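Colleague: Before we discuss the electrostatics and the helix packing, please display the sequence and the structure.

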Amino acid sequence: MSENSLESLVSIGNICRSPIAEAVFRKLVTDEKLEHKWRIDSAATSRYEIGSPPDYRGQNCMKKHGIPMNHIARQITKEDFQTFDHILCMDESNLRDLNRQSNQVKDCKAKIELLGTYDPQKQLIIEDPYYGNEKDFETVYEQCLRCCKAFLEKYH
């Protein structure tokens, strides 16, 4: 059976949206007993937060929903573009950065797109909650849940 993969990214530094998306997708895959088919990770387009844990508000949101979150921020690598099937990002800025970076990678196999492309409610952009409050993190969680469910249904 072939392995698929998902990686989600955020330019602010892989501490808010992308670790939430990673945790949500990992839980969905685990609940469906499909762990053997997926390699799941998240990363940043920037170097701002490398080595940092997810924002405490995102961690609290995941705890509230019973979703384990265990991640340390890292920056995307050339190898990610060569090994992941899908790189899903949160907004147009991430998309531009990723497309620019991927053009410099020989043998890029990753399909790069917005995670919001899969939102049944058609909310294309997942806004950064960093300067917001707990409600904004909840909104990110709800969007990621909808999008990740739809993505998994399409590629399962």
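**Salt bridges and a helix crossing**

Modeller: This is a predicted model. Within it, Arg-17 has a relative accessible area of 1% and is therefore buried.

Colleague: Which residue meets the side chain of Arg-17 in a salt bridge?

Modeller: Arg-17 belongs to helix α1 (residues 17-31), and its partner lies 74 residues away in the loop between β3 (86-89) and α4 (92-102). The N to O distance of the pair is 3.1 Å, and the partner is Asp-91.

Colleague: Is Lys-109, which forms a salt bridge with Asp-85, buried, partly exposed or exposed?

Modeller: The closest N and O atoms of Lys-109 and Asp-85 are 3.0 Å apart. Because Lys-109 lies in the loop between α4 and β4 (111-114) and Asp-85 in the loop between α3 (78-83) and β3, the pair ties together parts that are 24 residues apart in sequence. Asp-85 is buried at a relative accessible area of 19%, which falls under the 20% limit. Lys-109 has a relative accessibility of 46%, so it counts as partly exposed.

Colleague: How far apart are the closest N and O atoms in the salt bridge of Asp-119 with Arg-146?

Modeller: Asp-119 sits in the loop between β4 and α5 (134-155), whereas Arg-146 is in helix α5, 27 residues apart. Asp-119 counts as buried at 1% relative accessibility, and Arg-146 counts as buried at 18%. The closest N and O atoms are separated by 2.8 Å.

Colleague: Why is α2 described as oblique to α5?

Modeller: The axes of helix α2 (residues 56-64) and α5 come within 9 Å and cross at roughly 60°. The crossing is right-handed, and its angle makes the arrangement of α2 and α5 oblique.

Colleague: How many charged residues does the contact of α2 with α5 have?

Modeller: From α2, the contact involves Arg-57, Gly-58, Cys-61, Met-62 and Lys-64. From α5, Glu-134, Phe-137, Glu-138 and Tyr-141 take part. By class, four residues are nonpolar and one is polar, and the number of charged residues is four.

Terms used:
Residues are numbered from 1 along each chain as its sequence is written. This is a predicted model: local features need pLDDT of at least 70, side-chain atom pairs count only at pLDDT 80 or more; totals for chains, interfaces and linings use all residues. Side-chain values use heavy atoms; hydrogens and water are left out. A salt bridge is a side-chain nitrogen of Lys or Arg within 4 Å of a carboxyl oxygen of Asp or Glu. Helices (H or I, at least four residues) and strands (E, at least two) are DSSP runs, numbered from the N terminus. Buried means under 20% relative accessible area, exposed over 50%, partly exposed in between (1.4 Å probe, protein chains only). Axes are lines fitted to C-alpha atoms, for helices over the stretch in contact, and angles run from 0 to 180 degrees between N-to-C directions. Angles under 35 degrees count as roughly parallel, over 145 as roughly antiparallel, 65 to 115 as roughly perpendicular and the rest as oblique. A crossing is left-handed if the near helix is turned anticlockwise from the far one by less than a right angle, and right-handed if clockwise. Contact means heavy atoms within 4.5 Å. Ala, Val, Leu, Ile, Met, Phe, Trp, Tyr, Cys and Pro count as nonpolar, Asp, Glu, Lys and Arg as charged, and the others, Gly among them, as polar.
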